[in-house]
Amino acid sequence: MAPNQPGDARNRRDAEQDRAALAPIDDAMLRAYLADNLPGGDQARVEKALRDSASLRARLEDVRNNRADVGLHTLGAIWRRGRLTCPSRQQLGSYLLEALAPDLASYITFHIEVVECPYCQANLADLKTQADASPGASQTRHHRILQSSQHLLTDENR
Ligand SMILES: [Zn+2]
């Protein structure tokens with residue numbers, strides 16, 4: 001650091017003057033930044049300020065979250081929320097076999113038929129195809145599990 005060098009001091013003063021002349025980065029500007037709505041110069045300035053300032057990044061997160069609330073009912077928001085609450089593939093498999101607790105089963109029905117989650121619809125269709133291709137598969141597995149527990153029981157009884 002050499003603050004007494006005239007060149008450095010002048011550059012710093014110039015930079016400060018530039019910053020003062022520009023509009024402050026407020027929430028409205030951050031919102032516009034998120035929406036890709038700023039003129040090129042401002043976009044670059046906000047980007048640089050974000051790189052430099054952790055507190056500004058935190059504010060951007062806040063603005064982003066608030067914006068998500070505003071757009072709660074857009075198709076994209078529903079899709080993103082839906083994906084967060086998607087049942088697992090195993091749960092979908094059990095759903096097909098009607099082996100789920102009624103609460104979970106009705107939730108999945110809602111998810112598939114009302115929310116119409118395309119991801120889970122595809123997953124379910126795929127599982128159905130597999131089940132149709134090998135109708136005895138689950139019985140066979142069930143039988144195997146019975147056999148192996150039978151074996152354990154016999155060992156314990158010995
Ligand atoms: Zn889903």
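Which pattern does the protein chain follow when read along the sequence? The order is α-α-α-α-α-α-α-α-α, and the chain accordingly has nine helices and zero strands. The model described here is a predicted one.

**Overall composition**

The protein chain has 158 residues, of which 7% count as buried. Among the contacts in the chain with a separation of 6 or more, 49% are accounted for by residues 24 or more positions apart.

**The nonpolar core**

The largest nonpolar core holds six residues in all, namely Leu92, Tyr95, Ile108, Cys117, Cys120 and Leu124. Two or more residues of this core come from each of helix 6 (89-96) and helix 8 (118-133). In soluble globular proteins, nonpolar side chains tend to be buried together. Leucine 124, a member of the core, touches Leu92 and Ile112 when residues up to four places away in sequence are not counted.

**Packing of helix 6**

Helix 6 packs with helix 8 at an angle of about 55°, and the two axes are 10 Å apart. An angle of that value makes helix 6 oblique to helix 8. The crossing in which helix 6 passes helix 8 is right-handed. On the side of helix 6, the contact is made by Arg89, Leu92, Gly93 and Leu96; helix 8 contributes Cys120, Asn123, Leu124, Leu127, Lys128 and Ala131. By class, the residues of this contact divide into six nonpolar, two polar and two charged.

Helix 6 also meets helix 7 (residues 102-114), with axes that come within 10 Å and cross at roughly 100°. Helix 6 and helix 7 are therefore roughly perpendicular to each other. Here Gln91, Leu92 and Tyr95 in helix 6 meet Leu104, Ala105 and Ile108 in helix 7. The residues of this second contact divide into five nonpolar, one polar and no charged. Leu92 takes part in the contact with helix 8 and in the contact with helix 7, and Leu92 also belongs to the largest nonpolar core.

**Individual residues**

Is tyrosine 33 buried or exposed? Tyrosine 33, placed in helix 2 (residues 27-34), is buried because 21 other C-beta atoms lie within 10 Å, where the cut-off for burial is 20 or more. Leaving aside neighbours within four places in sequence, tyrosine 33 is in contact with Leu38, Gln43 and Val46. Tyrosine 33 and alanine 44 are eleven residues apart in sequence, and their C-alpha atoms are 9.6 Å apart in space.

Arginine 57 is found in helix 4 (residues 54-70). Arginine 57 is exposed, since it has 12 other C-beta atoms within 10 Å and a residue counts as exposed at 12 or fewer. The C-alpha atoms of arginine 57 and leucine 30 are separated by 9.8 Å, and the two residues are 27 residues apart along the chain.

Glutamate 98 has a phi near 55°, a positive value in a residue other than glycine. Glutamate 116 likewise has a positive phi near 55° and is a residue other than glycine.

Conventions. Residues numbered from 1 in each chain as written. Predicted model: local features only at pLDDT ≥ 70, side-chain atom pairs only at ≥ 80, totals over all residues. Helix = DSSP H or I, 4+ residues; strand = E, 2+ residues; numbered from the N terminus. Contact = placed C-beta atoms within 7 Å. Core = buried A, V, L, I, M, F, W, Y, C linked by C-beta atoms within 7 Å. Axes fitted to C-alpha atoms, helices over the stretch in contact; angles between N-to-C directions. Parallel < 35°, antiparallel > 145°, perpendicular 65-115°, else oblique. Left-handed = near helix turned anticlockwise from the far one by under 90°. Nonpolar A, V, L, I, M, F, W, Y, C, P; charged D, E, K, R; others polar.
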